[in-house]
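Please open the model in a viewer and keep the selection tool at hand. The tour below moves from one selection to the next.

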Amino acid sequence: LNRALLFIRGLIAALLENETTPLKDCVYAGYELSLKKHHSFPIRATFSVAVKAAPPRADFMQKLGTDPAEVMETLTMVLSTFSTVLEANTAYLLHKGIEKD
């Protein structure tokens, strides 16, 4: 679960970092920061193929809301809150020895 949350945080951060970056690149950025190091070569290759099915960024963002500025503002707030919860969860998992650095 924590790894999936790291992936989502990386995806949202990439979406916010540059408003022109294609969605597939944002998805891959999230993957690079979270799941990739835990996957074998065949899974990495499968993910690389699957990410090509990501819709265009504009279509994805339109699904999140009709006002692009409002969507970006909301994503910024979500990322902040999400990061706080994720950091607490990660600290707990590290403390319990469930996850390693």
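**A side-chain pair to begin**

Select Glu99 and Arg3: their side chains are joined by a polar contact of 3.5 Å (a pair of N or O atoms within 3.5 Å; within protein, one must be able to donate a hydrogen and the other to accept it, and residues adjacent in sequence count only if both atoms are side-chain atoms). The model is predicted: local features need pLDDT of at least 70 and side-chain atom pairs count only at pLDDT 80 or more, while totals for chains, interfaces and linings use all residues. Residues are numbered from 1 along each chain as its sequence is written, and side-chain values use heavy atoms, with hydrogens and water left out.

Keep Glu99 selected; this residue lies in the segment after helix H5 (68-95) (helices are DSSP runs of H or I, at least four residues, numbered from the N terminus). Glu99 has a relative accessible area of 19% and is therefore buried (under 20% relative accessible area, with a 1.4 Å probe and protein chains only). Residues up to four places away in sequence aside, Glu99 touches Arg3, His38, Leu93 and Leu94 (contact means heavy atoms within 4.5 Å).

Next, select helix H1 (2-17). Its buried residues include Phe7, Leu11 and Leu15, and their cover includes H2, H3, helix H4 (57-64) and H5.

Now display the largest nonpolar core, which has 17 residues (buried Ala, Val, Leu, Ile, Met, Phe, Trp, Tyr and Cys residues joined through side-chain atoms within 4.5 Å). Phe7, Val27 and Phe47 are among the residues that touch the most other members. The largest share, five residues, comes from H1.

Finally, select Val27: beyond its neighbours within four places in sequence, Val27 contacts Phe7, Leu11, Phe47 and Val51.

How values were computed
Helix = DSSP H or I, 4+ residues; strand = E, 2+ residues; numbered from the N terminus. Buried < 20%, exposed > 50% of the residue type's maximum accessible area, 1.4 Å probe, protein only.
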